[in-house]
Amino acid sequence: MTVYGPSIGPQPWVLTLGVLILGSLLAAAALITLGYSLVAARRRRRQDAMRAALRSELLARLYGRDEPAWDAWVTSLSAAERDELESLLDVYLRELDGGDAAKLAGLGRALGIHERSRREIANGDYWTRSQALVWLALLRDAPDRDLLRAHCTETARERAAAARVLYAARTDDCATTGVDLLLRDEPEPFSVFGVDTLYRVAECDPVPFFERAAADFAAWEPALQRQVLRVVRHLTTVVGGADLSWVVGALSSRDPSVRAAAWRALGAYGWNRRLRDAMDLDAIPDEPAPAVRTDAYRALGMWADAPALAALEAAGTVDPDPRAQVAAAETLVAQHGPEAAPAPKAPPRPGDRETAAPIPAGDTPAAVDSETPAFDTASFDIAWAWAAEHARFDRLARDISRDRERLHREVRG
């Protein structure tokens, strides 16, 4: 006994009881885990065997018979087998096309997927509707259009999925109804899948797409405008006589990213004389955003005829932005070759926008130093030299790649 009194601690039997309880819990957890693993392994083996048998029978009916008789086969299956067969059908529909896919669509009807998907579109939540639309696209089975308009336009994803069903089914109204589903009622910007779907339905028949864009383009938000212009950029071979004046109008957008997207789209339409006649190439130097002027120079390079190259030389060689100068130089080098001389530049004139140094944002003309140096007329020569050197290096790299085997033999001796 100390001055602090007797020491008091846990009794030995309490510790023993705690150890026993903890050990029992650990043993029970181990037994439960082992039992669950054994049951799961047994279920997995049975499922694998079932899946293998169903796969064998499916392929035999698909390729070994003139008439697969899906209905009779499905009727003979249990609920678990039908669920597993539906999973197999999902896999094969994503891999096969043509007549094989058409035959498998009959299996989908025998399983009742068509009607179930329609019910899920009408009554299900977002994820249920999305899965139903995926099934209908895989089965190439387009439901009633009013059903899609009523239940599949809440989000950009659903719009794209609904239009994709029509495209997959190759319906006669794929373009008209597809464009309506995608772009009606103030649509939101799309995902990559949505932009791809918009391109595909527009490619079937571009008239509905261009008519909708001509009417509503100005009301769309810039992100959607850029996506629509990206689609236009890749529709060059099917546009026919479509109205593209709204694309030219996009060059006057207040958003520089939209103006840049418009130039990228127009670069693919150098063959369209009516479109080009509506454009004022002399206004390119007045474009305030260097990135937009850069895309304009590249578009002129894609046109690559005498008027386009003349406009490129007139604006690009005196552009005040170094990166825009490089873009102009690269484009001209690609047309004339790296051994050509730089395009001649007009001497700078006082007061020209392109010959004056750019005014910093937020400053007024009065705040700019009156002794700010004029545009350096030798700077384009530097851009040209840089572009020409890269062009020569690229040509050398291609030559080396083409002659690699010959060079390898020479090095070895």
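In the predicted model, R149 is partly exposed, with a relative accessible area of 29%; the term covers values between the limits for buried (under 20%) and exposed (over 50%), found with a 1.4 Å probe and protein chains only. The side chains of D180 and R149 meet in a salt bridge with an N to O distance of 3.5 Å, a salt bridge being a side-chain nitrogen of Lys or Arg within 4 Å of a carboxyl oxygen of Asp or Glu. Because D180 lies in helix α9 (residues 174-183) and R149 in helix α7, the pair ties together parts that are 31 residues apart in sequence. D180 and R149 also belong to a network of salt bridges that links them with D146, R184, D185 and R212.

Residues are numbered from 1 along each chain as its sequence is written. As the model is predicted, local features need pLDDT of at least 70 and side-chain atom pairs count only at pLDDT 80 or more, while totals for chains, interfaces and linings use all residues; side-chain values use heavy atoms, with hydrogens and water left out.

The protein has 20 helices and zero strands. These elements are DSSP runs numbered from the N terminus, with at least four residues (H or I) for a helix and at least two (E) for a strand. Of the 413 residues in the protein, 40% are buried. The accessible surface comes to about 23,800 Å², and 55% of it belongs to carbon and sulfur atoms; such areas come from the Shrake-Rupley method with a 1.4 Å probe, and for residues only the protein chains shown count as cover. Among contacts (heavy atoms within 4.5 Å) between residues at least 6 apart in sequence, 67% join residues at least 24 apart.

The structure holds 24 salt bridges. One of them joins the side chains of D141 and R118, at 2.6 Å from N to O. D141 lies in the loop between α6 (126-138) and α7 (145-151) and R118 in helix α5 (residues 113-123), so this pair ties together parts that are 23 residues apart in sequence. Both D141 and R118 are buried. A further salt bridge is formed by D295 and R264, whose closest N and O atoms are 3.0 Å apart. Since D295 lies in helix α16 (residues 290-303) and R264 in helix α14 (residues 256-266), the pair ties together parts that are 31 residues apart in sequence. D295 is buried, with a relative accessible area of 11%, whereas R264 is partly exposed, at 32%.

The largest nonpolar core has 67 residues, and F209, F210, V228, L229, V232, W246 and W263 have the most contacts inside it. A nonpolar core is a set of buried Ala, Val, Leu, Ile, Met, Phe, Trp, Tyr and Cys residues joined through side-chain atoms within 4.5 Å. Helix α14 gives the largest share of this core, seven residues. Leaving aside residues up to four places away in sequence, W263 touches L251, M279, L281, I284, V292, D295, A296, A299 and W303. A second, separate core of 21 residues includes L88, L89, L107 and I113.
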